[in-house]
Amino acid sequence: MVQTSFLLMAMYEARPLIPVEWVARDFFSHLSPENLVRKISAGELDLPLVRMDKNPRCAKGVALVDLAAYLDRRIEAARKECQQLCG
């Protein structure tokens, strides 16, 4: 099994911090970047948001390792649900 973090490193050219716009585009296409930030800030998504400074308009991103962990948790939850449904 290939680790999610390695796949993300290839996808994002080994960037340690992924801009929130890219995360929204690639994994939350139903949300605008602004709505993704709102959901994360409200605690609706278990995904740490990195703010580059205290200014509300600063650049925001998600650490690659945190995104990988989030995706792994979602994948595991989907597998458990499938197992329950399919027996």
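Colleague: Which side chains meet in a salt bridge with Asp46 in it?

Modeller: In this predicted model, the side chain of Asp46 meets that of Arg73 in a salt bridge, at 3.4 Å from N to O.

Colleague: Where do Asp46 and Arg73 lie?

Modeller: Asp46 is in the loop between α3 and β2 (50-51), whereas Arg73 belongs to helix α4, so the pair ties together parts that are 27 residues apart in sequence.

Colleague: Is Asp46 buried or exposed? And how does Arg73 count?

Modeller: Asp46 counts as exposed, because its relative accessibility is 53% and the cut-off is over 50%. Arg73, at 39%, counts as partly exposed.

Colleague: How many salt bridges does the count come to?

Modeller: The count comes to five salt bridges. Among them is Glu44 with Lys39, where the closest N and O atoms are 2.9 Å apart. Another joins the side chains of Arg15 and Glu13, at 3.3 Å from N to O.

Colleague: What is the relative accessible area of Glu44, and of Lys39?

Modeller: Glu44 is exposed at 52%, and Lys39 is partly exposed at 28%. In the other pair, Glu13 is exposed at 61%, while Arg15 is partly exposed at 33%.

Colleague: Back to α4. How many residues does it have, and what span does it reach?

Modeller: Helix α4 has 23 residues and reaches 32 Å from its first C-alpha to its last, which is close to the 33 Å expected at 1.5 Å a residue. After α4 comes Gly87, with a positive phi near 90 degrees.

Colleague: Which residues of α4 are buried, and what do they pack against?

Modeller: The buried residues of α4 are Leu64, Leu67, Ala68, Tyr70 and Leu71. The buried residues of this helix pack against α1, β1 (17-19), α2 and β3.

Colleague: What about the largest nonpolar core: how many residues has it?

Modeller: The largest nonpolar core has 20 residues, and those with the most contacts inside it are Leu8, Val23, Phe28, Leu36, Leu47 and Leu67. The elements that give two or more residues to this core are α2 (20-27), α3 (33-41) and α4 (64-86). Helix α4 provides the largest share, five residues.

Colleague: Which residues is Val23 in contact with, sequence neighbours aside?

Modeller: Leaving aside neighbours within four places in sequence, Val23 is in contact with Ile18, Phe28, Leu36, Val62 and Leu67.

Colleague: Changing topic: where is Gly61 found, and is Gly61 buried or exposed?

Modeller: Gly61 is found in strand β3 (residues 60-63). Gly61 is buried, because its relative accessible area is 0% and buried means under 20%. Beyond its neighbours within four places in sequence, Gly61 is in contact with Leu17, Ile18, Pro19, Val20, Pro48, Leu49 and Val50.

Colleague: Finally, the whole protein. What pattern does it follow along the sequence?

Modeller: The protein has four helices and three strands, in the pattern α-β-α-α-β-β-α. Of its 87 residues, 30% count as buried. The accessible surface of the protein is about 6200 Å², of which 55% belongs to carbon and sulfur atoms.

How values were computed. Residues numbered from 1 in each chain as written. Predicted model: local features only at pLDDT ≥ 70, side-chain atom pairs only at ≥ 80, totals over all residues. Heavy atoms only, no water. Buried < 20%, exposed > 50% of the residue type's maximum accessible area, 1.4 Å probe, protein only. Contact = heavy atoms within 4.5 Å. Core = buried A, V, L, I, M, F, W, Y, C linked by side-chain atoms within 4.5 Å. Expected span 1.5 Å × (residues − 1). Areas by Shrake-Rupley, 256 points an atom, 1.4 Å probe, with all protein chains shown as cover. Salt bridge = Lys/Arg side-chain N within 4 Å of Asp/Glu carboxyl O.
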